[in-house]
Structures are given as C-alpha cells and as structure tokens.
Amino acid sequence: MRRPFFWLIALITILLAVVPYVTDDVQLRESLLLACVYIILASNLNLMIGYAGYVNFGNIVFFGLGGYICIYLVDTLHVHIVIAVLVAGIAVSALALLFGLGILRLRGAFFALATIGVNEAIKQLVANFEPWGGATGIYLSLDAYGQLGGPMQALWTTYLLIVLLTAASLFLSFFIKNSKFGLGLIAIGQNEDAAAVLGVPTAHYKAIAYSISAFLPAMAGGLYFFKSGIIEPGGAFNLSLSIEAIVMVMLGGQGTVIGPAVGAFVYEEIRGLLLTSETFSHFQLVIAGALLLLIVLFVPGGLIGYVHRRWPKTRRWLE
Amino acid sequence: MIGIFASVIDGVLVGAVYGLAAMGLTLIWGVMNVINLAHGAMIVLGMFMLYFLASVVGVPAYATIPLVAVVGFLFGVVLYWIAVHRVIGQPELMSLLSTFAVSMIVIGFGTALWTTSPYNVQVRVPGITWESYTFTGTHIMAAILAGVIAALLYLLLYHTRVGKAVRAVSGNREAAELTGIPTTQVLAMSFGLGVALAAVSGTLIATLFPFTILSGEAYQLKAFVVTVLGGLGNPAGALLGGIALGLLEGMATPFMPVSWIPVLEFVLFVFCLIAYPRGIFAFVR
C-alpha cells in the first residue's frame with residue numbers, strides 16, 4: 001500500500017469508471033470497454049508469458065468458454081448476470097487447472113502448440129454442441145437485460161463491471177509479482193530446472209498460474225458477450241484475438257505489471273485509428289504486422305522495457 | 001463396403017498432400033527450432049500463384065510447380081534475412097511472433113488485393129472408375145506429385161553434400177560451424193526450402209479444392225496436426241503423418257458427421273503432444 005504504483009492503478013481505475021459517465025459519451029464508453037477487455041486479456045496472459053515464460057497461444061479459450069457458460073446460464077436458466085459471471089469464472093478456472101496439469105508437462109514450443117490445439121478442439125466441440133446452439137451460437141433476447149433495468153442501463157452496468165475486472169487484473173498482477181508465488185514463477189521463467197532444484201514446486205506453480213490466468217478473462221468473456229447479446233464459436237474462440245493479446249503484451253513490455261495494460265490501450269487506439277482512416281482501413285493487418293515485427297526485432301522489452309532502460313529511475317514507481 | 005474402402009483411398013491421396021505441407025514446417029523446425037507461423041500464408045501464396053499463372057496467364061496447372069518452387073525458395077531466403085535471422089537462438093516466443101507478423105503482413109496485403117472471396121482453378125485430369133466409384137484425377141495426380149517431391153527432398157537431404165550440411169546443422173549447429181559449414185547460409189537455405197515446400201503444397205491443394213486468402217490458417221493447423229503425428233523435425237514422419245491424417249479422415253467420414261472430424265483431429269493432436277511428443281512414427285527416424 002505504501003507503493004506509489006498501487007495508487008497509480010487505483011487512479012487509472014477511477015478515471016476509467018468516471019470519465020465516460022460524467023461526459024455521458026457513449027462512443028468513448030464503447031472504445032474504453034474494448035480497451036478494458038484487451039487490458040484484462042493482456043494482463044492475465046502476462047502471468048503466463050511474462051512471469052512464467054510459457055507462451056499461451058490459445059489464451060482466448062478462457063474468454064470464449066466463460067462467455068458461453070455465462071450466456072447459457074442467463075439465457076436458459078435466467079440466472080442473474082453477476083452470479084452467472086462468477087460461476088463462469090470459477091468453472092473455467094477449475095477446468096484450466098485440470099488442463100494445466102496435463103499440458104504444462106510440455107515445454108517451450110510444444111506447449112505453445114498444445115494451447116492452439118486445446119483452443120481449436122474446444123471451438124470445434126462447441127460448434128457441435130447443440131445445447132449451446134452449435135455453429136450458429138446463442139442470441140440473447142432483449143428480455144435478458146430486464147434484470148439490469150433495460151438494455152440502456154445494462155450497457156452502463158456491464159461497463160462498470162468490466163472496469164472492476166480491469167482493476168482486479170492489474171491488482172492481481174501487482175500482488176502476484178510481489179509475492180513468493182510470483183518470485184517462483186519468475187524463477188521458472190528464467191530457468192525451470194534451476195528453479196526446481198532450488199525447491200520451487202514448479203508443476204504446481206505453473207498449473208496454478210495457468211488456472212489464475214483463466215479466471216478474470218473468463219468473467220470478462222461473460223460480460224463482453226452478455227453486452228454483445230450474441231455468441232458463436234468463430235467469434236468466441238478467435239485465434240487471431242489470442243495472438244493480438246500476445247502482441248499487446250509484447251508492445252507494452254512483458255513481465256511488467258503496467259506494460260501489458262499500456263500495450264493493450266495503445267493497441268486499441270492504433271487499431272481504432274487504422275479502422276476509421278480511409279487509406280489505412282484496408283491495411284490494418286499489414287500495419288499491425290509490421291509493428292509487431294519491428295518490436296520483436298528491435299525493442300523486445302516493449303514500451304515499458306524501453307522506458308526502464310532509458311530512465312532507470314522509473315523502475316521504482318512504474319512496475 | 002466398397003464405399004468405405006474408396007473413401008479411405010481418397011483420404012490417403014489427400015493425406016499425401018497434407019504430408020507435403022507439413023514437411024516444410026517440420027524441416028524448418030528440425031533445422032532451426034523455429035515454428036513457422038507464416039506457413040499458412042506461404043501455402044496461400046502458392047495457391048494464388050497457381051491461380052494467376054494457370055487461370056490468367058494460361059500456363060498448364062502442373063507446369064507451374066517448378067516456378068512456384070523457385071519463387072517460394074527465393075521468397076523464403078529473403079524472409080529468413082528479414083524476419084528470422086535475428087531471432088534464432090532467442091526464446092521461442094520471439095520466433096513465433098516474428099513469423100506470425102510476417103503472416104499478418106502477407107495476409108493483410110492479400111486481403112486488400114484479392115478480397116476474401118473464394119477462387120477456383122479448373123484442372124481437368126481423367127479419373128479412374130472402379131466399380132461404381134470414381135477416384136478424382138486431380139487427387140491421384142496431387143498424391144503422385146507429393147510423393148515425387150518428397151522423394152526429391154529425401155535425395156537432397158541424404159545424398160548430396162548440401163543435404164549433409166543441413167542435417168549437420170540440425171544435429172548440432174556449433175559443431176557444424178566448427179567443421180567449416182557456413183551455418184547461416186544453410187539456415188537461410190533450409191528456410192527457403194521449407195517455404196518452397198509450403199508454396200508447392202498450396203499449389204497442389206488449390207488443384208483439389210476452392211480457396212480464399214484465409215484458407216491458409218486451416219491448412220496450417222492441419223500441418224501442425226500432421227507434424228505432431230509424425231514427430232516435430234522429422235520429414236519422413238511428416239509424410240506418414242499426413243497419410244495417417246488422411247486415412248483417419250477417410251475412415252471417419254462414413255461413421256460420423258463431417259463437423260465432428262476436426263474435434264477428433266485436435267483431441268488427437270493434444271493427446272499426441274502430451275503422450276508421444278516425438279511422434280507416433282518416432283521409429284522411422
């Protein structure tokens with residue numbers, strides 16, 4: 001609590017929650033909502049990539065599964081959205097723990113491939129799963145928003161809930177980094193065998209990190225698809241979004257707490273600019289790709305990594 | 001009964017082409033420990049080269065293959081110097097991301113130029129009719145060509161000095177460097193070969209099925225499955241893995257709805273990665 005960084009996170013959260021509300025700017029809210037979802041994805045992905053050094057290529061599977069569980073509960077069983085979101089988070093986290101114990105036996109590139117496999121397998125499974133609408137997915141009827149006082153009010157409520165999850169992601173990332181558990185993860189990321197020799201229970205730590213990194217994205221998925229009112233396999237388990245999340249982590253700086261969030265925000269802004277611009281809207285993918293290539297080749301530490309190297313004093317308050 | 005038999009044979013024919021697509025992936029992995037996420041984009045480039053050479057310029061479909069191979073090879077060598085050279089030996093995240101960035105750039109340009117609408121190349125090869133079932137001529141031709149190209153790759157790798165150098169670098173790069181092999185050039189050449197294989201397999205696939213600029217991703221995922229079945233870094237295993245996948249698809253088709261086959265494939269994929277990370281054909285090595 002004494003750390004300036006703690007208050008920085010709190011300030012960001014309050015700004016995110018208050019600014020669109022006070023200005024009553026719906027367009028700003030929509031753009032910030034997407035930015036928040038990206039921050040949640042990137043920040044939790046960073047627990048695996050930045051801390052433990054494991055490349056989770058199929059991280060979007062948590063987001064999609066959470067969305068499906070939540071929409072199903074709201075649509076069919078008429079559960080309240082907050083409860084549905086919590087159930088989705090816990091269920092996906094538990095599932096991730098099970099999967100993690102299996103696929104985390106793999107290392108490096110093999111693990112990365114396996115996560116793609118898990119994402120595709122679940123996507124295809126859901127596309128064949130009739131109770132969840134198969135390949136066409138589930139459409140929420142407008143009545144579903146009645147529990148939050150109508151569609152208009154529901155949009156604001158989901159936005160605030162997503163801001164809450166964003167804050168939770170940043171604090172989680174912060175506290176893990178400063179805990180014994182986080183130290184263990186970082187040791188695994190640097191040299192797994194050495195970490196095991198020093199007494200870090202690597203198998204457990206990795207599986208727990210994998211499971212934790214599933215919890216908030218699953219809840220965010222629930223809220224995001226509740227807000228959209230529609231969920232289908234292609235959109236829920238979109239491998240490109242998964243990889244875009246990795247781009248955000250790299251852009252901001254892997255292994256830092258604020259880096260992935262900065263990366264996600266910047267990426268969302270760039271993407272918005274490119275999509276609305278006349279000349280560049282066709283070349284959005286090209287520019288994003290070129291940007292990624294330049295970061296990987298020349299600034300592997302990302303924005304925050306660069307700032308840390310350029311001005312070492314910033315390490316104290318920008319973690 | 002004949003129907004099942006026929007569908008199995010057809011599966012094997014198509015599987016040989018999947019195997020070819022996976023050979024490029026597995027070659028690059030074996031030599032430089034890089035998983036080339038631009039593989040799908042390279043497959044698509046092969047498809048579009050066939051389209052423009054055959055449908056627009058009027059070159060006979062199968063005559064485009066040497067040209068596609070050469071262009072693919074040169075493109076691969078250039079890509080190596082731009083995107084791969086700097087990340088060799090770094091954590092795998094870096095090479096995964098740099099090759100993925102290449103894929104984004106290629107697919108992005110392709111989408112802007114050719115949109116995402118489907119393309120089709122008409123290739124007429126007489127089929128073989130047996131009882132009441134006809135084996136499509138293009139499928140037979142593609143499988144034969146895939147076999148020939150795989151044999152050529154084998155000859156290159158195991159019966160030439162260049163191939164010896166590739167295998168030496170793949171075994172131990174430092175030791176190869178010490179014996180005087182220009183390893184950097186070998187790496188660039190292997191990447192070129194891998195891309196050429198991807199492009200050629202794309203050309204063959206395009207003679208079988210319609211395609212869009214986004215088709216590459218699906219075939220790349222299939223190539224992953226095949227590579228894992230055959231063992232990462234094992235080109236002979238890749239061909240067998242491709243045939244195994246084709247066989248599986250052919251055998252499963254009569255018994256389950258088509259939409260369930262990808263589920264089966266990916267479950268098998270994850271299972272093989274965990275249980276047999278060296279591939280189910282590890283003994284071929």
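These legends describe close-up views of a predicted model.

**View 1. The largest nonpolar core of the model.** This core holds 212 residues. Val17(B) and Leu20(B) have the most contacts inside it.

**View 2. Leu20(B) and its contacts from elsewhere in the sequence.** Neighbours within four places in sequence are left aside here.

**View 3. Helix H2 packs with helix H11 in chain A.** H2(A) covers residues 26-52, and H11(A) covers residues 239-252. Two packed helices are described by the angle between their axes and the distance between the axes. Here the angle is about 75 degrees, and the axes lie 9 Å apart. Angles of 65 to 115 degrees count as roughly perpendicular, so H2(A) and H11(A) are roughly perpendicular to each other.

**View 4. The residues where H2(A) meets H11(A).** H2(A) brings Tyr38(A), Leu41(A), Ala42(A), Leu45(A), Asn46(A), Ile49(A) and Gly50(A). H11(A) brings Ala245(A), Ile246(A), Met248(A) and Val249(A). Nine residues of this contact are nonpolar, two are polar and none is charged.

**View 5. Chain A touches chain B.** In this contact, 36 residues of chain A meet 34 residues of chain B. On the side of chain A, helices H4 (81-103), H5 (108-127), H11 and H13 (284-298) each supply at least two residues. H5(A) gives the largest share, 14 residues. By class, this side of chain A has 27 nonpolar, seven polar and two charged residues.

Notes: Residues numbered from 1 in each chain as written. Chains lettered and ligands numbered in written order. Predicted model: local features only at pLDDT ≥ 70, side-chain atom pairs only at ≥ 80, totals over all residues. Core = buried A, V, L, I, M, F, W, Y, C linked by C-beta atoms within 7 Å. Buried ≥ 20, exposed ≤ 12 C-beta atoms within 10 Å, placed from the backbone. Contact = placed C-beta atoms within 7 Å. Axes fitted to C-alpha atoms, helices over the stretch in contact; angles between N-to-C directions. Helix = DSSP H or I, 4+ residues; strand = E, 2+ residues; numbered from the N terminus. Parallel < 35°, antiparallel > 145°, perpendicular 65-115°, else oblique. Nonpolar A, V, L, I, M, F, W, Y, C, P; charged D, E, K, R; others polar.
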